[in-house]
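Open the model in your viewer and keep the selection tool at hand. This tour goes stop by stop.

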Amino acid sequence: MSDLKAPSQSVANPWRAEVIRDFARSELFQRTFQEGMDLVEETATYLDGAGRQASKLLSRSAALAYAAESMRLTTRLMQVASWLLVQRAVREGDMPPDAACEDRYRLAAAEVCRNSGEAEGLPSELNTLLDRSERLYERVRHLDRRMYVEDEVVEAPHSVLSQLDRLKSAFGS
């Protein structure tokens with residue numbers, strides 16, 4: 001058995017490391033980080049307080065929807081918070097940009113985090129938190145794809161074109 005390791009997602013181009021560092025140092029990151037952490041705190045306060053009280057007053061079907069949506073909300077926010085903390089680690093020099101490119105630091109659980117449609121009978125404050133968290137998740141997902149995922153597709157050489165380039169080089173045309 002070979003001791004070869006699968007290639008990790010490293011920063012293939014030096015410019016990618018700079019893009020990651022620049023974002024981590026940007027005002028956009030700072031605002032997004034603050035918004036994310038504030039929303040996590042606001043959601044925890046709601047779910048532990050007013051939300052808990054409101055859920056006790058719901059019908060059985062609405063209470064089930066409340067439980068499902070509060071889990072979706074929590075999962076979505078934990079995904080965002082984890083991603084933002086990785087970017088902060090890059091900013092503070094605790095993590096190199098190429099380590100931040102690893103798959104384990106990408107947003108996950110998209111199927112769970114995506115909106116399932118507004119369930120009827122949920123408290124309006126929960127619906128507001130669901131909406132705000134989904135908008136934040138989609139913005140962070142966009143940033144994640146732009147910084148880490150989409151460029152990898154662009155960087156990968158097209159196999160047919162690379163073969164044509166080799167033929168051109170071989171025959172000097």
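**Stops along the chain**

Start with E138, which is partly exposed, at a relative accessible area of 26%. Partly exposed lies between buried, under 20% relative accessible area, and exposed, over 50%, with a 1.4 Å probe and protein chains only. This is a predicted model, where local features need pLDDT of at least 70 and side-chain atom pairs count only at pLDDT 80 or more, while totals for chains, interfaces and linings use all residues. Residues are numbered from 1 along each chain as its sequence is written, and side-chain values use heavy atoms, with hydrogens and water left out.

The side chains of E138 and R141 form a salt bridge, 3.7 Å from N to O. The term salt bridge means a side-chain nitrogen of Lys or Arg within 4 Å of a carboxyl oxygen of Asp or Glu. E138 and R141 sit three residues apart in helix 7, about one helical turn. Helices here are DSSP runs of H or I with at least four residues, numbered from the N terminus. R141 is also partly exposed, with a relative accessible area of 26%.

Stay in helix 7 and select D131 and R135. Their side chains meet in a salt bridge of 3.1 Å, N to O. Both residues lie in helix 7, four residues apart, which is about one turn of the helix. How accessible is R135? R135 has a relative accessible area of 47% and is partly exposed. D131 is partly exposed too, at 39%.

Next, select R132 and E42. What joins their side chains? A salt bridge does, at 2.8 Å from N to O. E42 is partly exposed, with a relative accessible area of 34%. R132 is partly exposed as well, at 29%.

Zoom out for a moment. How many salt bridges are there by this rule? The count comes to 10. The tour has stopped at some of them, including E42 with R132.

For the last stop, select A99. A99 lies in helix 5, residues 97–100. Is A99 buried or exposed? A99 counts as buried, at 17% relative accessibility. V86 and A99 are 13 residues apart along the chain, and their C-alpha atoms are separated by 9.4 Å.

Methods: Helix = DSSP H or I, 4+ residues; strand = E, 2+ residues; numbered from the N terminus.
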